[in-house]
Every structure is written in C-alpha cells, then in structure tokens.
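Dear colleague,

Please find the structure below.

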Amino acid sequence: MKPPPAHRPWKRAAAWLVFLGPLFYATYGLANWWATTRAQVPSMAFEWERQLPFWAWTIFPYWTINVFYALSLFLARSRHTLDRHALRLVSATLIACTCFVIWPLHFSFGQPAVEGAPAFLFNALRGFDQPYNQAPSLHIALAVILWDWYRQFLRAAWARLVLHVWAFAICASVLTTWQHHFIDIPTGALLGLFCVWLWPLERTVSMPRAWRCTRDAQRWKLAGFYAVGAALFLAVAVQLGGVALWLAWPSASLALVALNYVGFGARGFQMDGQGRMGWAARWLLAPYRIGAAVNAWLWTRKLPAFVEVVPGLLLGRQPTRAEWMAAGRPRLVSLCAELQMPAGVPHARCVPMLDLTVPPTVRLQRAAAVIEGQRRNADGAAVWVCCALGFSRSAAAVIAWLGRYGAMGGLAQAEDAVRLARPQVVLRPAWRTSLAPLGTAASGALPHD
C-alpha cells in the first residue's frame, strides 16, 4: 500500500509569512530612509534608457509578484522545501537591503502623471517606495526565486510557457514602469541565482552547512589566485563602466570559485551524481566554466580523447557527446567538479573533486568503488574515467581502482601502467600519500564520504 500523502505545512507557512512581511517592509523601508539622509545619492544609467517607453499598464504585472510571493509559501509540500524557499526569500531581502545601505543609488528619471486604474497601484507603490533601493533589484531577485519555485509544480508545456511569460513580464515591468535602471536587472538576477544556489530545494546539504574552512595550503593558494582575478575583473568593470560592467559577472564567478576552494569544496559546484550541475550554479559559474573548458581544450587538443590502460578501462579528458559515441558509448565516470558530463549520456556517474587539489583517501576509495560498479554493470562496454584534462584526478582514480580491484601487484605498478598509457599524467607526492592506504586496504565495504 502507498503511504498516505503528507499534509502540507500550512501553519508553518503562515508563520513564515508573518515573519517575512514585516522583515521586508522594515529592512526595505530602513534602506529607503537611509538614502534620504545622504547629501548626494548617485545614479547609474545608460543614455539609451531615456528611449525606453513608459507603459503605465505594466504596473499590473509588476504588482503580481506580491500575490505570487505570499501564495508560494502555502504550496510547499514539506517543511524542508518550505524552509529552504523561505530562507531564499530572507537571504535576498537582507543581502539586497545591505547593498542599498552600503551603495545607495537613485532612479534619475521623473515618472509622468498616471491616470485611470494604474494610478491606484502607482500611488500605493509610492506610499512606501522612494526612488532609491536600486541595485541589485530586489524585485528581479525575487522573480528569479519565485520562477524557480513555481516551475517545480508545472509539468504541462503550456503552463510552463505561461510561467516564463509571467517572469519575463515581471522583469520587463521594472523598466517600463520607470522603477529601475538597466544595471539593476542583471545584478538582481545575480542575487536571485545566488540565493537559489545557497539554499537548494533538493535534500542536499545547504551551502552554509557545507562550509568547512580548509587548512590545505594548496587550496588557499588557489583561492587567492581566483580572488585576485575576481578583484581585477571588478576593478576594470568599475573603472571603464559602460559595457565593461558586464565584467562584474566573471568577477562574481571567480569570487565564488575562491570560496569553493576555501570552504565549500566540490559541493560548491553543485554537481550531482550523474555529472550534471544545478542550473543556478551553471549560470553563476558560467564565465569560469567557459574559461575551464577553453583551458582543457588548449591542453588536450593535440592528444587523443582517451587511452586504454587495461582492456575495457579508458582514461582521458571529459568527452563531448560526439567523442563518447565514437568511442562506442562507454560508461562514463567523471571526477570533474567544474565541467558537466555531455547531455543525454545514460549511466554516467560523477565523484566531483576540486581541480589541482589532492582529495582525501576516502574520496579516492569512493571513486574506485564507482569505477568498479560501472565495470560490473557495463554489459561488455568499456568504462571511460575522465576529468578536465585526464592528467591528475582521473589518473589517480584509475590507479586507485587498479590497486584495489585490478590485477596489479601494487600502487607503484598501477601508476607505471597509467603513465605508460598516458605519459602526460601529473601526480605530485601528495597524491601518492593519499593513494598509499589503498595499496593494502581490503576490498570490502568502503566508508561513506
């Protein structure tokens, strides 16, 4: 018999709404008041924005976000998803209002007079919303969060299309009601993506709980490298302005990668067990991911996509779908945290590890066990173990498998076999230290990581 359906947490949803409403008006109002006390509040607008039309009727889709905001809490099917969704809304509000206080901006165009039905909504809006609180647009951030929330309930194509049109109308209305300048939109979207990334709805560890500040000197070194890159991109964006402001996106991306190396670890890339990255992480990290893909291509463009270490076990870079098909559709095992598996590849598995760092022994044990599981279920197909380049993470995983499950005499012989097949392999002494316990470990049950 099927278990009875769980009751929706109505009371908890009502409690969250009672908390969120005053929180929004208190923090948003405080930021507005703070801006009015400043002698000068700058504005950031492009000249072309003066050509944007003022459409008074778009105040209606603008206001609908209030209804969908309140309703969203009562659609939660479990306390877990309700709390994660509410924490997204709290985080967006607090982060946005903190930005409004630290870096206040004002809307520099005066709105024309409005008559008829839209006038009531404009007057209500002006009752608490002054022409401040601009970047990042909290309206846009909330629209991103609500779009991600509502799409989980919709399966029909027409319903999803309606949701997409509604979200677009919400985002466009901040311009056509002359409430925000353009710069507020991408910064608001970035904030919304960050909150979705911070509090995943899936039953996985949230990012705040995933934080473990590392003592690994190599990870701190790499984090510093990415932090400097983030600072340089941001400095150029601010200095040049205009189109160069888009460089704030790679700046944010590299800053997040730096945080992953310092504390979030591979979890910060939100790669699932099949090698697919969460949509928010894909967009937040897109500039970095593009750079990582280009770097991988530059290093491996003149090398074969894979080599065969032992019969049925391939080692190489992360393949494209075409390379995977050309190889005979092998089962894939990825050790890559930053690059996704090609779409549409069945039975793929991923044990994500940070690039250029040495994982603990238990992680290599896990990788070896996944490789063994893929080989047992391969039905005659080969198993392709890969990472960005196929030089370190995947090579170490293959050595771990050879030492634990293969017919090698030990880890030294396993490493020799891997190097013979792929001479470009790079394994620092720290890798051997992490691999060493696997040379004598029994092939029984493995600890969970």
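**Cysteines**

The sulfur of Cys195 lies 10 Å from the closest cysteine sulfur, that of Cys99, which is too far for a bond. A disulfide is a covalent bond between the sulfur atoms of two cysteines; here the term is applied to a pair of cysteine sulfur atoms within 2.5 Å. Cys386 is likewise in no disulfide, as its nearest cysteine sulfur, in Cys387, is 7.2 Å away. A search of the whole structure finds 0 disulfides. Cys195 is buried (under 20% relative accessible area, with a 1.4 Å probe and protein chains only), at a relative accessible area of 0%. Cys386 is also buried, at 0%.

This is a predicted model, in which local features need pLDDT of at least 70 and side-chain atom pairs count only at pLDDT 80 or more, while totals for chains, interfaces and linings use all residues. Residues are numbered from 1 along each chain as its sequence is written, and side-chain values use heavy atoms, leaving out hydrogens and water.

**The sheet**

Strands (E, at least two residues) and helices (H or I, at least four) are DSSP runs numbered from the N terminus, and two strands pair if DSSP finds at least two bridges between them. An open sheet with mixed pairing is formed by 5 strands, in the order S1-S2-S5-S3-S4. Its edge strands, S1 (306-310) and S4 (349-353), each pair on one side only. Strand S3 (residues 331-336) pairs with S4 in the parallel sense over 3 bridges, and Val333 stands opposite Arg349 in S4. Helix H14 (residues 361-376) packs on the sheet, touching (heavy atoms within 4.5 Å) S2, S3, S4 and S5.

Yours sincerely

Terms used. Buried < 20%, exposed > 50% of the residue type's maximum accessible area, 1.4 Å probe, protein only. Axes fitted to C-alpha atoms, helices over the stretch in contact; angles between N-to-C directions.
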